[in-house]
Amino acid sequence: MIKKLMTRPISGLQGTLTVPGDKSLSHRGLILGAISQGTTTLHHFLPAADCLSTLTALQQLGVPIMRDGTTVTIIGQGLRGLTQPKQELDMGNAGTATRLLAGLLAGQSFTTTLVGDASLSQRPMERVRQPLQAMGAKLQLTAGHLPMTIVGQILHGGRTEMQIASAQVKSALILAALQADQPSTIIEKLPTRDHTERLLQQFGGQIETAADQRTITVHPKPVLHGQSLTIPGDFSSAAFFITAATIIPNSHIRLVNVGLNPTRTGLLTIVQRMGGQVTVDQQQQAGEPVGTIDVAYAQLQPVRLTAAEIPAVIDELPLVALLAATADGITTISGAAELRVKETDRIATIVTELQKLGVQITAQPDGFTIDGRKSWHQPTMPLASHGDHRIGMMMAIAALRLAAPSELQTAEAVNISYPTFFEDLARLSQEVPA
Ligand code: S3P
């Protein structure tokens, strides 16, 4: 689908928006609900393609799940209640679903095969196979990729030191550790999003994180109890509008009920460090912190990002590149080689797309250098998502800086995480009557 993109709204972006539910929490709520006893209800669930892949896979594993819009009811089957699916499980584009289910299915008493779309079939899966194998799991990959066949085994607890900073791999290990014969200790390379840990505690699991924020102990064989949960708005979806309001003159917007888990909100500190006008009001903390974010236009300064800061902003790095492309100087981002194995090689796709606008951006093996001082120009060819939801949405925001209309190819990629993105953007871009 080719989408005609909006141009600069003269009166900026204005208004209040509730973004859709968090993708990471929607996946995890489904999985933990499925292995609990009793009923789980998820409110403000994200009905986007990635989460629907998890929902369908769990149904095929014998879990009754009903969905009515953004409300999902899961009839939990307990940790040992899943059943062998009749066919391969199609994970679509969903990396999170694939890695988390690999950990869960590794300890079951049956064999499952996971397949995915062209992008997911190129993403690395050794990163889950190796540490799970050390726990006794049997995962067969196809040259390091999907299709993946998981032959359920009795798993052993113990100590795992992770080689990469990845919440997906950590969560796979936690889900495997729940089924092991003794406690497990997982040591992260750098702290990553801790949604699985928080949610598992809410469901009654026993999991502790040490003061170093990197050492996690999981106690096996818990009896988890179904919960009624309201999923906060996805910070990664809010991030597109935080960026848009920051780079479009005259903007002032409010984002409500946004998840503010500090392992996710690196963009807020970075925007503030760049001189952005962002204020946060944290209102409630029920498992996950939630709050309101106010954002107004600002002229930005460049920034320097290195490895330790990357996990808390990993999915927002396309937006950091865009912000840097409007800043008064040279920004450098390093320690972000993980971008190369996302839905696309995001270092390559960000550079290709921003260069179409005349942005002075150079790829590095593990990041970028961006000089924001050069003025942009109208693209001479269509912009493209490359099938990557976050690249498509980042370019739709970038196009708001242009004076004349532009086009986005494969715009349907937004359905992976934010099906109502273009409607929400149009709403905030309405001209305010004089
Ligand atoms: C996610 C973890 C991150 C992130 C992805 C969602 C999760 O991936 O990029 O969008 O929900 O655990 P990695 O674990 O590969 O860094």
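Reader: Where is H386 found?
Author: In this predicted model, H386 is found in the loop that runs between β22 (383-384) and α11 (389-398).

Reader: And what is phi of H386 near?
Author: Phi of H386 is near 60°, which is a positive value in a residue other than glycine. As background, most residues other than glycine have a negative phi.

Reader: Which other residue has a positive phi although it is not a glycine?
Author: N250 has a positive phi of about 75°, and it is not a glycine either. N250 is found in the loop between α7 (235-247) and β15 (252-259).

Reader: Switching to peptide bonds, is the one from L146 to P147 cis or trans?
Author: The peptide bond from L146 to P147 is cis, and its omega is near -5°. In general, most peptide bonds are trans.

Reader: Ok, and in which strand does P147 lie?
Author: P147 lies in strand β9, which covers residues 145-151.

Reader: Now the ligand: where does it sit?
Author: The ligand sits in the largest pocket, and the elements that give two or more residues to the shell around it are α1 (23-34) and α5 (167-177).

Reader: Which residues are around the ligand?
Author: The residues around the ligand are S24, R28, T96, S166, A167, Q168, R193, I314, D315, K342 and R390. Sorted by class, the shell has two nonpolar, four polar and five charged residues.

Reader: Why does the ligand lie between domain 1 and domain 2?
Author: The ligand lies between them because domain 1 (3-21 + 232-429) and domain 2 (23-230) both give residues to the shell around it.

Reader: What about oxygen atoms of the ligand, what lies 2.7 Å or 2.6 Å from one?
Author: A polar side-chain atom of S24 lies 2.7 Å from an oxygen atom of the ligand, and for a polar side-chain atom of R28 the distance to a ligand oxygen atom is 2.6 Å. With A167, a polar backbone atom is 3.0 Å from an oxygen atom of the ligand.

Reader: How much of the ligand's accessible area does the protein cover?
Author: On its own the ligand has 390 Å² of accessible area, and the protein covers 95% of that.

Conventions:
Residues numbered from 1 in each chain as written. Predicted model: local features only at pLDDT ≥ 70, side-chain atom pairs only at ≥ 80, totals over all residues. Heavy atoms only, no water. Near = heavy atom within 4 Å. Polar contact = N/O pair within 3.5 Å; in protein donor to acceptor, adjacent residues only side chain to side chain. Areas by Shrake-Rupley, 256 points an atom, 1.4 Å probe, with all protein chains shown as cover. 1 Å grid on protein atoms, 1.4 Å probe; cavity = no way out; pocket = protein on both sides within 12 Å on 5 of 7 lines; lining within 4 Å. Sits in = over half its atoms within 2 Å of the grid points. Helix = DSSP H or I, 4+ residues; strand = E, 2+ residues; numbered from the N terminus. Nonpolar A, V, L, I, M, F, W, Y, C, P; charged D, E, K, R; others polar. Domains from an automatic or database assignment.
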